[in-house]
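Here is a short briefing on one protein model. Look over the sequence and the fold, then read the points below.

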Amino acid sequence: MKKIAEHLYQFSIYIPPMDFTIHQYLMDTDPAILFATGTVQQAQAVLPEIKEILGERELKYIFVSHVESDEAGGIAVFQKEYPEMIVLCSDLAARELPGYGFTCHITPVREEITIEDGELDLCFINYPADVHLQNGVLCMDKKSGIMYSADLFLQYGNGVGQLIQSNWETEVSAIDEDRMPGLQNQKKLKESLALCKPKIVAVGHGFCMEV
Ligand SMILES: [Fe+2]
Ligand SMILES: [Fe+2]
């Protein structure tokens, strides 16, 4: 675990044969939010650290970008510890998750929705493609400028604890067919992202960026 910015803790595993990093993030704001659960195994590994960071405080929100084991696999592990937690996810994920046996509170979110709650001011970006071409979402806390970007800025390499300097306009304009299949999808996503002014991009895989 590494604290990479104010209120932002990164939990990671690095897989050498794939040269690939998988990250989750906790914002220990009031209320607290976790971006991505990790797989069941990862969730079990990081739960004690999260409990230590939060102490008596509850984990109120878990953000799930799309239904995939690294994003959503560990929901039940956290639900056992924090029964009242709310999963924020896309409409599609909200329909899918109960079918996998998840019984947690679920609030579907999309681009038109914002959630202002205590220290959090969350907005969402429709993220219309990933490996399964699902209708996912990304999340940004407007107060801190922290954006969780799931698979969008995926990079190979050992990104554990790394925070590289970059430029938001450059990163957004570099979104290509590999990052987002379909010109229409690319155009719409870039328009939405251009309206965001993140300070920190917390990536699901690779290297976090200060932008
Ligand atoms: Fe994914
Ligand atoms: Fe991912």
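Contact means that heavy atoms lie within 4.5 Å. This is a predicted model: local features need pLDDT of at least 70, side-chain atom pairs count only at pLDDT 80 or more, and totals for chains, interfaces and linings use all residues. Residues are numbered from 1 along each chain as its sequence is written, chains are lettered from A and ligands numbered from 1 in the order in which they are written, and side-chain values use heavy atoms, with hydrogens and water left out.

- Donors are N, O and S atoms within 2.8 Å of the metal (3.2 Å for Na, K and Ca); water is not among the atoms, so sites may look incomplete.
- Helices (H or I, at least four residues) and strands (E, at least two) are DSSP runs, numbered from the N terminus.
- Asp-151 bridges the iron ion (ligand 1) and the iron ion (ligand 2), which lie 3.4 Å apart.

- Buried means under 20% relative accessible area, exposed over 50%, and partly exposed in between (1.4 Å probe, protein chains only).
- His-66 is buried at 0% relative accessibility, while Glu-68 is partly exposed at 23%.
- Both Asp-70 and Asp-151 are buried.
- Not counting residues up to four places away in sequence, Asp-70 touches Ile-22, Ala-36, Thr-37, Gly-38, Thr-39, Asp-151 and His-205.

**Strand S4 and its partners**

- Two strands pair if DSSP finds at least two bridges between them.
- Strand S3 (residues 20-27) and S4 run antiparallel, joined by 3 bridges.
- S3 and S4 form a hairpin with 4 residues between them.
- S4 also pairs with strand S5 (residues 59-64), in the parallel sense, over 4 bridges.
- In strand S4 (residues 32-35), Ala-32 and Leu-34 point one way, Ile-33 and Phe-35 the other, and all are buried.
- In a regular strand the side chains alternate between the two faces of the sheet.

**Nonpolar cores**

- A nonpolar core is a set of buried Ala, Val, Leu, Ile, Met, Phe, Trp, Tyr and Cys residues joined through side-chain atoms within 4.5 Å.
- The largest core has 43 residues; among the members that touch the most others are Ile-33, Phe-63 and Leu-88.
- Strand S9 (residues 120-127) gives the most to this core, with 6 residues.
- Apart from it lies another core, of 28 residues, including Ala-32 and Val-67.

**Salt bridges**

- A salt bridge is a side-chain nitrogen of Lys or Arg within 4 Å of a carboxyl oxygen of Asp or Glu.
- The whole structure has 5 salt bridges.
- Lys-60 pairs with Asp-117, with the closest N and O atoms 2.7 Å apart. Lys-60 is in strand S5 and Asp-117 in strand S8 (residues 114-117), 57 residues apart.
- Glu-191 forms a salt bridge with Lys-187, with the closest N and O atoms 3.2 Å apart. Glu-191 and Lys-187 are 4 residues apart in helix H6, so about one helical turn separates them.
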